[in-house]
Amino acid sequence: MSATVLAVATLAACSSSPKLAPELAMPQLPAEQREVIDVRLEFRSKQNLSDNVVQLPSHSVKRGSSVVINVPASLIEAGASKGEKGQDFKTKDFFNEAEQQIEKVFIGNNFRVISRSKFEAKLRDLRDAARCDLANYRCLLDQVAPEARPVLEDLKAKFDAGKINAVDYTTQIALFKEKMQTASAGRTRSEDQRELTDISEVIRAAQSGDIQADYILQINVFDTKKRVRAVADLRRETKVRTFISGYPSLQAALETGGKHEVTCAIVGTELNAKLIHVKTGEIVWIGSHELNEFSSGVQSIGVELGQRTYVANANDIRNFVVSQNEPYMRQLRYNQPVQVPSPVMRTDLIGPMVNVGRCEKDWKFDDETRSQLARKVAHDLISTIRSGS
C-alpha cells in the first residue's frame, strides 16, 4: 500500500470516532443541619387544695388538742374486696408510712396524737361490757384474763353461799370489771378484726374513761393506686412555640398523628378526711386532696424535639451526574448545554421523644412511688388544719 493510501485510511478512521462532552462534576451540596431542644414538661394539678378544704370559722381548734385516727368499716371492706387494686387499708399494717406522716403533721401543728392501739383496747373493753350483763357470770368469766378468774370465782362462791347479798355482789363485780384488765384488752389485733371503724363507737370511747380525745380524724378515702393518664400539649410550651416559629413547615408535622401530645400512664393518690369535735359532734374541718407522680414532683418528664434540614433530592442529583457521565450520554450532550438539578431543601421533625423520666403506656404501681405520694398528700392536706391559742 502506498503512503498516500495509508494516510487517507488513517484520516477516515479518526473522523469516525464519536466526540464526547467533558464529564460532569458532582456539585457541592449543602450540609445537613440539625437543631434539637430539650423541654421539661410541667403537669400541673387541675385542683387547688385551698378550694377543697373547709374549716368551721366559728370553732377554734385549740393548740394541744388530742386527736385519734378513725377509718370507717366500709372503707376497709372496699380495700379488702378490691385486693391489689383497692385502697390501702389493712388492719395488720394500717397506713404504713402514710399514717406516720399524718401523725407527724398533727404533732408539728401542736396536736397530741393518741395511739390507736390504746383506743382499740378501750373499744374491746366497751364491746365486752356491752355483751356481758353483770349478772351473767359465765360471760364475764370468759372475758376475764385467766390470772384474774380466781377473784371472780371467789365472789360467785360467796354470793352462792349467801355470804354477800345481790347488791354487794353487783357492786363488787362492777368494781372488778373496772379495775381488772380483761382478756380482750390484752389480745393482739388479728387480721379479721375491725378496730376504730364505727364512728359512734369511737366517739363513745373518746368521751369516756381515762383515755379521751378532743377530736377524731375520720378518713373517708385514702387511695394510692389511682390510675391517672397525664397529657401534656407541646403547643402550650413557650420553648416549643418559639422553636416551631423558626421552622413553619414543622407546624403541620407536629399536628399529624397527635405528635403534639405526650401521654403517660402514672400513679395518683387521693385522701379525703374530716375532723370531728368529740364533745359537740360537729364536723369542724373537711378536706380532700389529690396528687400524682408529676403534679407532686415525685417524677418529672423531659422531651427532646428537633428538626433536620437536608437536601431532599440528593440521590436524584447523584444519579443524574452518574448517568450524564456515561459515554453515550456524553456523546449526546456534546456541545449541548446541560443543567444539573438544583438542590431541594426539606425540613423534617425529629421526635418528640421522652429522654428524661418515665412515661409508660400502662400503669406500674411500685411501692416506693406510692409511699412517697402517700406521705406528701397526707402532709399537704393535714397541714391545712388551722389551730389557735
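**Figure 1. Ile 283 and a nonpolar patch on the surface of the predicted model.** Ile 283 counts as partly exposed because its relative accessibility is 42%, a value between the limits of 20% and 50%. This residue lies in strand S7. Together with Val 54 and Ile 286, Ile 283 forms a nonpolar patch on the surface. The accessible area of the three residues together is about 250 Å².

**Figure 2. The largest nonpolar core.** In soluble globular proteins, nonpolar side chains tend to be buried together. The largest nonpolar core here has 28 residues. Those that touch the most other members are Ile 102, Phe 106, Leu 217, Ile 219, Leu 275, Trp 285 and Ile 382. Two or more residues come from each of these elements: strands S3 (66–70), S5 (215–233), S6 (261–277) and S7 (283–292), and helices H3 (97–108) and H13 (367–382). Helix H13 gives the most, with six residues. A second, separate core has 22 residues, among them Ala 230, Leu 250, Ile 266 and Leu 305.

**Figure 3. The contacts of Leu 217.** Neighbours within four places in sequence are left aside in this view. Leu 217 is in contact with Val 67, Val 68, Ile 69 and Asn 70, among others. Its contacts also include Ile 102 and Phe 106, as well as Ala 273, Lys 274 and Leu 275. Trp 285 and Ile 382 complete the list.

**Figure 4. The disulfide between Cys 264 and Cys 359.** A disulfide is a covalent bond between the sulfur atoms of two cysteines. A search of the whole structure finds one. The S to S distance is 2.0 Å, and the link is left-handed, with -100° about the S-S bond. Cys 264 lies in strand S6 and Cys 359 in the loop between strand S9 (345–356) and H13, so the bond ties together parts that are 95 residues apart in sequence. Cys 264 is buried, at a relative accessible area of 0%, whereas Cys 359 is partly exposed at 24%.

**Figure 5. The salt bridge of Glu 32 and Arg 308.** Side chains of opposite charge can pair when their charged atoms come close. The closest N and O atoms of Glu 32 and Arg 308 are 3.0 Å apart. Glu 32 is in the loop between helix H1 (3–16) and strand S1 (33–41), and Arg 308 is in strand S8 (residues 301–311), so the pair links parts of the chain that are 276 residues apart. Glu 32 is partly exposed, with a relative accessible area of 41%, and Arg 308 is partly exposed at 27%. Shared partners join Glu 32, Arg 34 and Arg 308 into one network of salt bridges.

**Figure 6. Two further salt bridges.** The count for the structure comes to 14 salt bridges. In one of them, Glu 270 meets Lys 226 at 3.3 Å, N to O. This pair links strand S6 to strand S5, across 44 residues of sequence. Glu 270 counts as buried because its 19% relative accessibility is under the 20% limit; Lys 226, at 21%, counts as partly exposed. Arg 235 and Asp 233 form another salt bridge, at 2.8 Å, N to O. Arg 235 is partly exposed at 33%, while Asp 233 is buried at 17%.

**Figure 7. Ser 249 and Thr 347.** Ser 249 is found in the loop between helix H9 (238–245) and helix H10 (250–255). Its relative accessible area is 49%, which means that Ser 249 is partly exposed. Ser 249 and Thr 347 are 98 residues apart in sequence. In space they are 7.1 Å apart, C-alpha to C-alpha.

Methods:
Residues numbered from 1 in each chain as written. Predicted model: local features only at pLDDT ≥ 70, side-chain atom pairs only at ≥ 80, totals over all residues. Heavy atoms only, no water. Core = buried A, V, L, I, M, F, W, Y, C linked by side-chain atoms within 4.5 Å. Buried < 20%, exposed > 50% of the residue type's maximum accessible area, 1.4 Å probe, protein only. Helix = DSSP H or I, 4+ residues; strand = E, 2+ residues; numbered from the N terminus. Contact = heavy atoms within 4.5 Å. Patch = residues over 30% accessible without salt bridge, like charges linked within 9 Å, V, L, I, M, F, W, Y side chains within 5 Å. Areas by Shrake-Rupley, 256 points an atom, 1.4 Å probe, with all protein chains shown as cover. Salt bridge = Lys/Arg side-chain N within 4 Å of Asp/Glu carboxyl O. Disulfide = S-S within 2.5 Å.
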